[in-house]
Amino acid sequence: MSNSTKFTIHEDWTVVILGFLIIGISLFIFLPEIPIFKWTNGTDLINNIFEIKNLQTIGFQFLYFIVIGIIGTILVGKSVKNFVLGFPIVYFLTIIALILAGNTEVKALNLEAVIFSLAIGLIIGNFFKLPEWFRSALSTELFVKIGLVLLGTSVIFSDILKAGSLGLIQALVVVLSVWYFAFWLCRKLKVDDELTMMISSAVSICGVSAAIATSGAIKGDSKKLSYVISIVLVTAIPMMIFMPIIAKYFNFPEEVTGAWLGGSIDTSGAVVASGTLVGETALKISTIVKFSQNVLLGLAAFAISIYWTYTHNKSSEVQESKPTLGVIWERFPKFVIGFIVASVVFSFFVAPETRDELKESLKNLQGLWFALAFTSIGLETNFRDLFQNNSRKPLFAFLIAQLFNIIITLFIAFLLFNT
């Protein structure tokens with residue numbers, strides 16, 4: 001029999017299903033125990049981290065996550081065999097990152113586990129040749145989006161209404177101004193049309209997701225898309241680390257910092273990581289602002305597909321791909337729905353005492369999904385990819401546009417969120 005009829009679900013819907021499966025388990029079945037990773041010296045390391053009960057908790061957590069991961073792998077139609085072989089490696093590396101981040105001196109420096117996850121992944125991914133089956137088993141987007149759905153349980157709806165309207169205003173101003181600046185700059189530097197569209201969308205809206213959506217809307221070249229994604233991922237690393245440091249040095253309010261981070265950093269995972277470095281308020285505001293930009297993704301893809309159709313209308317293939325209103329729904333990031341529904345459920349349908357009981361456990365699960373995602377990002381990011389393109393102009397265009405984005409977003413964040 002043919003495999004062409006194999007049932008699959010879009011990744012964004014899959015993460016919504018998995019996110020609510022985890023929430024349902026926590027609400028109605030059991031709360032997974034939280035492993036201990038805090039330590040000060042070698043004695044603590046042995047007595048606390050490597051104590052039998054704690055290792056059993058870590059082991060049970062591994063089984064919990066791999067089962068969820070297998071379900072997700074089946075739903076999106078990827079290789080279960082490759083995931084089962086590859087996930088234990090990603091999990092082990094992530095546990096190392098959590099142990100390193102658990103040191104009290106490291107915590108005093110505000111170095112979170114996601115930074116160590118990313119660093120470990122980058123070292124291994126750039127100094128060792130990883131087999132293709134292992135790379136294909138990495139589920140970065142799946143991991144980070146599950147974490148984002150779970151993050152909705154900690155954001156009460158009144159926060160979304162309060163910050164979301166401001167976030168949407170900021171998103172509109174930033175997306176329009178940065179997109180047109182990047183577009184103009186790419187034209188000045190004579191970057192080709194496909195890269196121009198992908199770079200403009202990636203730097204102004206939401207990084208990887210925007211680049212992928214734009215590539216789909218214009219039927220872009222996959223190698224050019226890979227090039228843009230590499231730029232987005234690599235530039236997100238220093239921004240994720242140094243923007244919180246700058247904000248703390250100049251004593252920016254947490255609300256302003258969160259809006260700045262959410263509006264400037266191009267990947268949702270990096271926004272979460274940088275927000276975590278600043279504080280809980282910054283994390284919530286940065287996530288809401290980033291989601292406000294994500295909401296515009298479907299509309300942007302629709303507008304881009306119309307523009308591309310009527311400016312590159314030279315072949316029957318393009319004629320056949322005239323945009324429809326369905327493009328908005330097709331390009332809309334569905335995991336945002338999961339985040340909002342989780343927030344609504346925990347705002348209006350879960351008792352405050354139950355929320356308090358679940359808070360730490362869900363936060364632990366959310367944090368581990370993010371850490372797994374950043375281990376995966378590091379493993380799949382190769383710095384050499386940035387220089388495979390013959391021209392450096394697209395890289396320069398992206399960097400200059402990103403600097404413009406950082407400056408204008410900070411200005412708008414102060415205007416809207418400095419209350």
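Contact, as I use the word in these notes, means heavy atoms within 4.5 Å. With that settled, I looked at contacts in the protein chain between residues at least 6 apart in sequence, and 80% of them join residues at least 24 apart.

**Ground rules.** I am reading a predicted model, in which local features need pLDDT of at least 70, side-chain atom pairs count only at pLDDT 80 or more, and totals for chains, interfaces and linings use all residues. Residues are numbered from 1 along each chain as its sequence is written, and side-chain values use heavy atoms, with hydrogens and water left out.

**The whole chain.** I looked up the helices and strands, which are DSSP runs numbered from the N terminus (helices H or I, at least four residues; strands E, at least two). The protein chain has 20 helices and 0 strands. Next came burial: buried means under 20% relative accessible area, exposed over 50%, and partly exposed in between, with a 1.4 Å probe and protein chains only. Of the 419 residues, 54% count as buried. The accessible surface is about 19,100 Å², and 67% of that belongs to carbon and sulfur atoms; such areas come from the Shrake-Rupley method with a 1.4 Å probe, and for residues only the protein chains shown count as cover.

**The cores.** A nonpolar core is a set of buried Ala, Val, Leu, Ile, Met, Phe, Trp, Tyr and Cys residues joined through side-chain atoms within 4.5 Å. Which residues touch the most other members of the largest one? I found W369 and L372, in a core of 121 residues. Helix α12 (residues 222–249) gives the most to this core, with 13 residues. Another core of 10 residues lies apart from it, with A210, L296, L297 and A300 among them. Back at W369, I set aside neighbours within four places in sequence and noted contacts with I22, F65, I68, F143, V144, I146, G147 and L150.

**Helix α1.** This helix (residues 11–28) has 18 residues and reaches 25 Å from its first C-alpha to its last, close to the 26 Å expected. The expected span is 1.5 Å times one less than the number of residues. Its buried residues include V15, L18, G19 and I22. I remind myself that an α-helix has 3.6 residues a turn, so residues three or four places apart point the same way. The cover over the buried residues of α1 includes α3 (52–76), α8 (140–151), α18 (335–348) and α19 (352–380).

**Helix α8.** I followed one of those covering helices next. Helix α8 has 12 residues and spans 17 Å from first C-alpha to last, close to the 16 Å expected. Why is α8 largely enclosed by the rest of the structure? Because 11 of its 12 residues are buried. Among them are K145 and T140, along with F143 and L150.

**The second largest pocket.** A pocket here is an open set of points on a 1 Å grid over the protein atoms alone, with protein on both sides within 12 Å along at least five of seven lines; lining residues have an atom within 4 Å of a point. This one holds about 1,100 Å³ of space, where volume is the space filled by probe spheres set on the points. Of its 37 lining residues, E360, K363, N364, Q366 and G367 lie nearest the centre. Helix α19 gives the most to the lining, with 12 residues.

L296 is in helix α15 and is buried, with a relative accessible area of 11%. Beyond neighbours within four places, L296 is in contact with L168, A171, L172 and V175. The C-alpha atoms of L296 and V175 are separated by 8.6 Å, though the two are 121 residues apart along the chain. Q402, in helix α20 (residues 393–417), counts as buried at 4% relative accessibility. Not counting residues up to four places away, Q402 touches V203, M239, S264 and D266. V208 lies in helix α11 (residues 208–218) and counts as buried at 9%.

**Two loop residues.** Most residues other than glycine have a negative phi. K190, in the loop between α9 (157–188) and α10 (193–206), has a positive phi near 60° and is exposed at 70% relative accessibility. N251 also has phi near 60°, and this residue is exposed at 65%.

Key: On a 1 Å grid over the protein atoms alone, a cavity is a set of points where a 1.4 Å probe fits but cannot get out, and a pocket is an open set with protein on both sides within 12 Å along at least five of seven lines; lining residues have an atom within 4 Å of a point.
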